[in-house]
Amino acid sequence: MADSAISVDKLKAFWRSQVHDDENWAFNMIIALARAIFVAHVFKVRYRRAPRCDSGPGIRLSSKMFINFRSILAELSGSPQTLLSAKRLHAVITRTHLSSDPFYATRVVQRYALSNGLAYARRLFDETPRRSVFLWNSIIRAYARVGEFDEAFLMFGRMVRSEISPDNFTYACLMRACCDRADLGRLKIVQGGAVVSGLGWDSICSSALVTAYSRLGHVDEASRVFYAMSEPDQDLVMWNSMISGYGHLCEWDKGLKLFSEMRSLGRLPDGYTLVGLISGLADISLIGVGQSIHGLCLKSCLDSDAYVGAALVSMYARCTCMDSACKVFGGLSQRDLVAWSALVMGYCQCGDGEKALLVFRKLTIEFRMVDHVLISSVLVAIAQLANVRPGKEIHSFVLRHGLESNIMVSSALVDMYSKCGFLDEGKHIFEHMSDRNIITYNSIILGLGLHGLASQAFQLFEEMLCIGVYPDQCTFSALLCACCHAGLIEDGKQIFRRMEDEFCLQPGTEHYVYMVKLLGAAGELEEAFNFIQSLPQPVDPGVWGALLSCCEMCGNSTMAGIVAQQLFQMEPEKGAYRLMLSKTYASDGRWSDVKKLRDEIIEGRLKRIPGLSWIGCSGNQIDNKLSTC
């Protein structure tokens, strides 16, 4: 019995042999050890009184069990792996009659939640008679983690009605769930509950609240909570959340001001701080600010961090500085999936589909799995190239990796096939989608419109409304595009009116351009001109340019001259408008005016982007041939 009995000294020796720096882990394990010692003592006394059986060495438990606390502690201290390992831990806890203890039940519930075994976690929770606040928090967090927010809030309601009161971690978990669901109304309700419970200004609740409001774009609300906290309670997470919130709203100047305030208080930034500053820079005019922050990253020795490096690549890509983006990418010692994705999406945003495809192929060699956002971006780039061969390669990749059920990916495939001239393939994907959203409908409506099938586009629009999918501005752009290709003036006018009157959507430049094209192509140049005059000023040059193009098509040199003068004042350095006007004058035989315009182009050294003819060579690549027009 001396070799096999449960020894407190052995347990203590085992504890001393474990080296862990995490204070929370250590604290929890001390509790686990104390409970294990207590249970061991109880079993030891009980089994001394039980009749012995000669079944070999070990603790003789009257044919019941052998308690291996070394195994229990090893399982509790290990990192979660698979559902099988969670079940194994549950079995060990059950055999030792510890599953009714809320501490051990909590740890098993956490293991199940992290191993995608939520049903097992809920069953164990329901079977546990005594539930601690930690056990309640674990099951609520488990539901929130997998996106079952309604169930998480139902469990919170049960908790409130029980004898256990929610703590600061409960409210913080619910605040994060509201943020993930983008549910601002429920977030305010949770905040009210925390205030009523006396936890409104708790540092953990406040930090979660600042983060949630910032990510939802309500930085003013986040700022009120932030500045209501005392300075010692304003931890780095709060500062980073505020700066990131301003960055996501592209209010980079406010983010920099807050960053300066943070530095003046002696707070040292980390990588997340600098990424928050970088995220607000999305224009070539702000490249100087971005380079300054890049310099600060270098001084702080944070440039080698994969997270910061990916943010720098993305920042330079958004500012269309792909050479700098490639240079930063090349200097990264560890190129993770985020950095690769930033480079690919940078080329997609710059319209360089061929380089985006090249980097994507290299990416798939190094990382066999990529996310749905990146695949959708690459498909958009392929649609711009109008080359279906690489699109089919990506489609095969999607099927191999089981991503065809993702709405974003399927919608991008519909859009790609439609714009590459394979509408039937796009319709086939659309018809076999189990779930559809507004993006899906917009893609197929636009595809039908581009192929002149306006009636089918209208039919799908009505179907969309019947099932409760609310249209957005892109929907009406697609419908107006369909009207332009089919020459349906009255239908186009009706759709434009419904957009404002029925759906309360404010038209944008793209909608105005389509209306001008629709009227101009039908020869209604006067009506198109009056339509532009009625728009809110100033009118985008693209709208006037659409009317000038219609004047050239109709051969109306008088109207073309009036419209061109508007464009010359808006964009005097652009030579394309003078060329369009000169062609209109030439068709009307006004050769002196043609010469005058050509001389202005030469003397002013005005340039226009030359036209491109895309020629597919054996389906493998696209050669760009510059035209001389």
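Student: What should I know about the model before I start?

Tutor: This is a predicted model: local features need pLDDT of at least 70, side-chain atom pairs count only at pLDDT 80 or more, and totals for chains, interfaces and linings use all residues. Residues are numbered from 1 along each chain as its sequence is written, and side-chain values use heavy atoms, with hydrogens and water left out.

Student: What does the secondary structure of the protein come to?

Tutor: It comes to 34 helices and two strands. Helices (H or I, at least four residues) and strands (E, at least two) are DSSP runs, numbered from the N terminus.

Student: How many of the residues count as buried?

Tutor: Start with the cut-offs. Buried means under 20% relative accessible area, exposed over 50%, partly exposed in between (1.4 Å probe, protein chains only). Of the 629 residues of the protein, 46% count as buried.

Student: Which residues of helix 10 are buried?

Tutor: An α-helix has 3.6 residues a turn, so residues three or four places apart point the same way. In helix 10 the buried residues are Leu187, Val190 and Ala194. They cover an arc of only 60° around the axis, which puts them on the same side of helix 10. The arc is that of the directions from the helix axis to the C-beta atoms. On the other side of helix 10, Ile189, Val195 and Val196 are exposed.

Student: What covers the buried residues of helix 10?

Tutor: The cover includes helix 8 (149-161), helix 9 (168-181) and helix 11 (203-215).

Student: And what is found at the start of helix 10, and just after it?

Tutor: At the start, a side-chain oxygen of Asp183 comes within 3.5 Å of the backbone nitrogen of Gly185. Just after helix 10, Gly198 has a positive phi of about 80°.

Student: How many salt bridges does a search of the whole structure find?

Tutor: Side chains of opposite charge can pair when their charged atoms come close. A salt bridge is a side-chain nitrogen of Lys or Arg within 4 Å of a carboxyl oxygen of Asp or Glu. The search finds 16.

Student: Which residue forms a salt bridge with Arg186?

Tutor: Asp150 does, with the closest N and O atoms 3.6 Å apart. The pair links distant parts of the chain: Arg186 sits in helix 10, Asp150 in helix 8, 36 residues apart. Arg186 is partly exposed, at 26% relative accessible area. Asp150 is partly exposed too, at 43%.

Student: What does Leu379 contact?

Tutor: Contact means heavy atoms within 4.5 Å. Leu379 lies in helix 21 (residues 372-385) and is buried, with a relative accessible area of 0%. Leaving aside neighbours within four places in sequence, Leu379 is in contact with Gly391, Ile394, Val409, Ala412, Leu413 and Met416.

Student: Where does Gln234 lie?

Tutor: Gln234 lies in the loop between helix 12 (219-228) and helix 13 (236-248). Gln234 is buried, at 6% relative accessible area. A polar atom of the Gln234 side chain lies 2.9 Å from the backbone oxygen of Phe226. Not counting residues up to four places away in sequence, Gln234 touches Phe226, Tyr227, Met229, Trp239 and Arg267.

Technical notes: A polar contact is a pair of N or O atoms within 3.5 Å; within protein, one must be able to donate a hydrogen and the other to accept it, and residues adjacent in sequence count only if both atoms are side-chain atoms.
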